[in-house]
Every structure is written in structure tokens, then in C-alpha cells.
Amino acid sequence: MSDIALTPPRKSFVARYPAVLIFLATLAIFTVGVTVLAEGFGIGVISTSFVKTLGKTLCLCMVALAMDLVWGYCGILSLGHMAFFGIGGYAIGMWLMYARTEIIVTASLANAPLPPTPGEVSDGIATQIFGVVGASEFPPIWALAHSFPLQLAAVLIVPGLLAFVFGWLAFRSRVTGVYLSILTQAMTLALSLFLFQNDSGLRGNNGLSGLQNLPGLDHVPQSTISIVFLWASALALALAFALCSWVISGKFGSVIRAIRDDEARVRFLGYSVEAYKLLIFTFTAVIAGIAGALYYPQAGIINPAEIAPIASIYLAVWVAIGGRGKLYGAVIGAAFVSLLSTWFTGGQAPDINLGFYSIQWVDWWTILLGISFVAVTIFAPRGIGGLFDLISERRAPNRHGAALGPGAGALQEKEADQ
């Protein structure tokens, strides 16, 4: 009998990685459940504001996936991925502000004795948007803001291009470890400080606001729009999870894990370490940009504070608490910490009066988060996701059909029983 006949058939991707199917099924059940309980299409148990919170949480889970792929699997501790997240938000926010303001200006000029010229409409839009920073003209960066397809392309291209240029300069210089983390943090800080300036072209500290008002959909209530964004965020997260799982499942995933564990040895074996790092860094930046483009229309506003280095540090904390090196762990960590943060900082957590001192969780939340991060790092390095590993490790392995020898055509267990 030939070796081909004895070789077991190759299993499908879902069969080899059932966690993907479990995750997608759980996400689908969650999304349908929220829709049924929401005000927009359901029975109204869940408020519109909380639906938006859940939709934003799904976007944060998506950027946590990107962070886990670049850090947990490739070993690059990036403290700049929330910058890519913010760039995606700014890119889509520019179109939202332009289109929304265009409708308002056109309506106000409709009562003029003479029909307004395109130049008058453009000047009116610029004055409305940039009057808050003392300007009345469009900066060059807004040249494509009138086009939804082009701004949508910018959501992908701008974060990817920035990550590519930064990564090419850093990786070809073989900057690694803490030095690379400092460089990514410096990039984020520089971008944030630039955006705080009024002449940055993005309204400085005022940022872009009113993003929840979708152009041409004034008649649609926010309860309905929130459900649409919830589904869009869930679909994007599902696709990102499946794609990231596929990336780490093959040879590419084995190489980036090897780079994480022993970069010098991988380079000695002849692999282009810099190319692999650059590809994964750029790929995850694009994922972060897409997540930001879905997040900020639900948040309604974006300003430079959203891109500050502390946001990327929070992202690393989420991934560490959830379980670095596990995609589902990153999702769990981001969802758990972000929802808990909303509860503590939103005034929903009751203050504790000790008599001599009153614990107000709004002030103590960041300290609690820091303590949790240190505790997880020391006592539970696998994070929350490690609990699932402990459960799976206790199960008796199913060895039926396992090969009884090292060769590709080795005798199988079921054949030995015959």
C-alpha cells in the first residue's frame, strides 16, 4: 500500500481550530440577543446608550486582536496601535463632518435670492467647521473629505502607510525590545501633540464632533442606528478574528511565533525577520484603523486625547489581563476591562464610605486597573484566557486515530485495532 493511501485526509480549517467556530457562534448569539432586547428592534430592555457602549466594546475587542497578534504572537510590544485606531476615526470623521455640514449650509443658503455657487457652499462649510479655531478655509488635508469612498480608503491606507514607514525604519535598524516600545510611544506622543495644535487641520483640541449624526439619516432614530453599528462592529470583529486565526494557523504563524521566542535563531535559519515583522505590524495597523472607523461614529466625538500614549498602554493592559498569545484572550480582556471601566467611571459603582475616607471609584479605577495588571503578570501570566486552557488540559485527550509512528504513512490506531 502506498504512503498516499495511508495518509489521513487533511482536516478543514474549522475542524483544526474549533475555537474559531465557537467564537463566531458566541458572537452571533450575543449580537442577536442584544438586538432582541434593545430599543431599536426589540423589546426595549437595553437602552440605546448601552447598545452603543456594547458596540464600542466590540471595536475595542477588534483593536485588542491586532495588539495580541503583534505582541502576543510576534513579540513586538507596540505602544502606538491606538494611534492607528485614532487615525481611522479621524479619517471617517472628516467625511461625516463635511457631509453633515454640507447639508446644513445648503439648506441655509437655499433661501438666498440667487442660487449659491459651489464656491460659496464650500466657503460656508469651511467656516462652519473651522470657525471654532479661527479659520475659514479648508486645510489641504481635507481635499478628499467630500468623497466617502476616498475617505473610506484612507481608513485603510493612512494607518497602513504610517505603520509601514515607521516599521521599515525601525526594523531595518534592528531596534527591538524596550527600545522599540519607546519608539512607538514616542510616535504616538508626537502625533497627539501635533493634533492638539489648531493649525493641524483637524480642529486641535476641539477634535471632530457630531459624528453620531449620519448624513441624510436625520429621520432614523439613534436607537436604530445604534443597532446597525452594533451589527457592523460584530461583523468586523468576526472577520478580524477569523482572519487573524488563519494567519497564525500556517507557516506564517509558526515563523512569527519563532521570532517572538528566538529572533536571532530565526534569522540564522535564513528567514527575513524584518519582512515578517513589517508585514504583521502593517497588517495589524490596518485592523486598528478599521476598528477606529467603526468606534468613533458610535462615540460621537474624537479628539487628540484619544491618541495619547496612555490609551495604547491601556490596550496592552487589556491584552495582558485577557491572556497574551491567545486571540480569544485578547477579546475577553478588552471586553471585561472596558465594560468594568464604564461601570466604575460612569458613576454606576457605589462609593464606599469608610468613615475616615470615602472611596470614589472614579478616582480609584486607574489604580485598581494597575494593581490588577501587576497581579495578573505575577500570579496568572496566562490571564483570564488561561482558565479555558486549564479546563481543556484536564480533559482526557481523544487519541483515536492517532499515528503510531513518526512517518507520514505510519500505522494508525484504528488500523492497529483491526
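Helices here are DSSP runs of H or I with at least four residues, strands are runs of E with at least two, and both are numbered from the N terminus.

**Entry 1: ground rules.** I am reading a predicted model, where local features need pLDDT of at least 70, side-chain atom pairs count only at pLDDT 80 or more, and totals for chains, interfaces and linings use all residues. Residues are numbered from 1 along each chain as its sequence is written, and side-chain values use heavy atoms, with hydrogens and water left out.

**Entry 2: a pocket.** I found 24 lining residues, with Leu60, Tyr295, Tyr314, Trp318 and Ser341 nearest the centre. Helices 4 (48-73), 5 (81-109), 12 (273-299), 13 (309-322), 14 (327-345) and 15 (361-379) each give the lining at least two residues. Helix 14 has the largest share, five residues.

**Entry 3: two arginines.** Which loop holds Arg174? I found Arg174 between helix 7 and helix 8 (177-196), with a positive phi near 60°. Arg174 is exposed because its relative accessible area is 52%, and exposed means over 50%, buried under 20%, partly exposed in between (1.4 Å probe, protein chains only). Next I checked Arg203, in the loop between helix 8 and strand 1 (208-209). Arg203 also has a positive phi, about 65°, but at 8% relative accessibility Arg203 counts as buried.

Definitions and conventions
1 Å grid on protein atoms, 1.4 Å probe; cavity = no way out; pocket = protein on both sides within 12 Å on 5 of 7 lines; lining within 4 Å.
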